[in-house]
Amino acid sequence: MSEEVARFFPYSSFRPFQDKFALRVYAAAASRKDAVLEGVNGLGKTAAILAALLPTVKQRGLSIIYTSRTHRQCDRAIEELEKIAKKASVTGISFRGRREMCANKFVLQNSDDTRTAMELCNHLVKTHGCSFYENTESNPRTLRKLLREFSSGVFTSSMIKERCSEFDLCPYEVAKRLLSNVDVVALSYYYVLDKNIRANFFRYFQKGLRRSIIVFDESHNLPEACKEVASEGLTLQSIRLAEIEAHQRRQKRLQKICMQIAEVLQEIAERANEEEELIEPKEFVSVLKRRLGTQDLATVAQRLEDAGEKNVIERLAEGRSPRSNIRRVGTFLKTWLETSSKETFAHVMSFRDRENRRNPALEIISLDPRDTAKEVLSSAYATISTSGTLEPLDSFREIMGIPEGAITESFPAPYAPDQILCIAVSGTTTKLNARNPDMYEKTARRIAVVSSSAPENIGVFAASYDVLEGLREAGIEDMIRKPLFWERSGSTSGESDELIYQFKQQAGKGGGVLMAVAGGRSSEGADFPGKEMTTSVVVGVPYPRPTATVRAEIEYMERTYPERGKLYGYTLPAIRKASQSAGRAVRSITDRSAIVLLDSRFATQYCKRYLPRWIRENLSNMPDDDELLARRIASFFATNSDK
Ligand code: SF4
């Protein structure tokens with residue numbers, strides 16, 4: 001191990017393969033290259049990445065921007081940095097947006113999205129209406145004292161918020177001024193990916209992308225996150241609200257325009273046979289031009305945006321939240337016009353409420369993550385993409401547009417062979433043409449076998465909510481003796497947190513069964529160490545339904561990467577979801593866990609070769625035999641009874 005990396009490594013010894021992982025990260029930073037590195041949970045990736053990047057960061061005056069999808073994951077990086085700070089001089093903060101850091105009650109109560117919070121804050125600052133901002137500006141001595149304190153150690157955003165509250169200063173303003181003075185900033189992907197948020201962020205972060213090493217943690221999410229930030233949607237309900245807004249503000253011409261746009265969308269929705277249909281974007285533009293009686297839709301869009309801006313300013317002056325649906329319609333129309341000739345976008349009509357076909361929406365869907373990622377990849381000093389589920393690494397690299405010279409490697413699991421049991425069981429499937437009551441009953445019985453053979457909590461991750469419902473109708477609740485906890489489609493994050501909390505409470509009390517969906521809220525982002533989940537059962541390969549968007553993605557991928565369209569747009573995302581779900585039971589180096597893949601397709605070479613190395617190398621096939629399955633699981637846990 002390089003002495004330089006060891007200087008920042010916070011533990012007394014490395015886990016198996018952790019030192020090799022760190023060396024690859026070190027090599028990437030030192031040679032200014034991008035890296036794509038796969039390693040399972042428990043390998044100790046976060047500590048290894050930070051320790052391996054810090055020597056280069058310190059020598060060359062760079063910063064680490066550590067990004068992840070959730071704040072929880074960002075805080076984990078800060079926890080590791082705190083440990084490093086006990087042996088070496090390092091500094092860092094986790095940074096969040098105004099909605100999380102703002103101290104002003106009016107802003108907190110009146111903003112439910114980032115843009116609204118930003119506009120409210122800007123208005124209050126401009127009109128001297130925020131006492132926290134005024135305090136920050138008028139107390140330079142206190143501000144300097146806090147900046148000195150925060151830039152000499154490691155602090156989470158909530159620690160900054162708490163300390164600032166002692167002096168009634170604005171935590172967001174204080175954190176902003178710290179950005180350029182610390183070694184590590186941990187934040188959400190979106191600060192780096194969304195071009196508007198990024199532009200605002202780098203106004204305060206003076207080192208810029210060129211002097212930053214960007215870490216993309218849990219980067220299997222990156223392709224979707226990139227597409228998400230470049231996509232937009234507009235519901236019929238929003239257009240109707242824009243009509244009402246125009247009526248209230250006596251903007252008669254705009255009211256009529258919104259009404260006509262709503263009519264066009266309504267007509268498309270009435271003709272639709274499917275829950276999602278592709279729209280020819282230029283045809284939609286022609287229909288709209290005819291309906292509005294103008295050839296110049298760009299001017300119409302601009303007029304809507306301008307009027308919306310004016311309404312926002314008036315609402316702010318009235319002490320109201322700065323929302324404008326008119327502006328929303330204008331911005332969406334502008335984006336539609338800009339993207340209508342681009343083949344990297346699909347234009348879709350969808351129903352937001354699938355069952356009742358209520359609230360139709362227009363969607364502009366980005367098909368190529370490279371559009372969003374290219375500026376970051378070409379400008380950053382280096383990037384490190386890492387996750388437990390990235391294989392095949394070259395496919396990930398290609399889809400993201402990471403240059404060919406990038407360092408790529410997949411690391412084996414750091415566990416002893418008797419710590420992990422991975423089995424693919426034949427005899428059941430969630431293939432669409434095989435879904436019937438008999439198949440659901442057989443699958444439900446098999447899950448019950450796993451539940452009674454494995455100790456404590458188990459997690460069941462079905463291919464979709466339809467499959468979950470099929471298992472319920474097959475009577476799974478009567479087959480399993482442990483209490484069941486059902487994840488519901490469309491549940492809020494609060495409901496999901498409560499469900500997971502209740503499920504975790506069963507650990508140590510005989511266990512429960514989480515009935516969730518691969519790719520759903522419980523299958524990513526939540527940790528289940530030890531008894532909180534001894535076994536994960538993946539029911540079916542979670543291929544998406546062949547909606548218009550999915551078909552458009554496959555076709556786009558096929559045009560861009562001939563012969564690999566279906567693989568990139570359909571198969572790999574499904575296998576990654578399955579692997580993420582499988583990994584829920586494998587959270588730390590001390591875990592002993594079983595992974596049961598219930599679908600004959602997992603036993604085929606086709607699926608196996610796309611599974612991550614740490615599953616693939618431990619995976620064995622099992623025949624269609626419940627008794628054998630019960631014995632295999634029971635004997636695994638009997639010899640590993642300490643989980
Ligand atoms: S200045 Fe700070 S406290 Fe005031 S509104 Fe903006 S973010 Fe909130």
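## Basis of the description

Residues are numbered from 1 along each chain as its sequence is written, and side-chain values use heavy atoms, with hydrogens and water left out. Because the model is predicted, local features need pLDDT of at least 70 and side-chain atom pairs count only at pLDDT 80 or more, while totals for chains, interfaces and linings use all residues.

## Helices H3 and H4

Helix H3 (residues 45–60) and helix H4 (residues 71–85), where helices are DSSP runs of H or I with at least four residues, have axes that come within 9 Å and cross at roughly 55 degrees. The crossing is right-handed.

On the H3 side, the contact (heavy atoms within 4.5 Å) is made by Thr46, Ala47, Leu50, Ala51 and Leu54, and on the H4 side by Arg76, Ala77, Glu80, Leu81 and Ile84.

## Arg249 in its loop

Arg249 lies in the loop between helix H15 (236–248) and helix H16 (252–271). Its side chain makes a polar contact (a pair of N or O atoms within 3.5 Å, one able to donate a hydrogen and the other to accept it) with the side chain of Glu314, at 2.8 Å. Leaving aside neighbours within four places in sequence, Arg249 is in contact with Asn311, Glu314, Arg315, Glu318 and Arg320.

Note on methods:
Axes fitted to C-alpha atoms, helices over the stretch in contact; angles between N-to-C directions. Helix = DSSP H or I, 4+ residues; strand = E, 2+ residues; numbered from the N terminus. Left-handed = near helix turned anticlockwise from the far one by under 90°.
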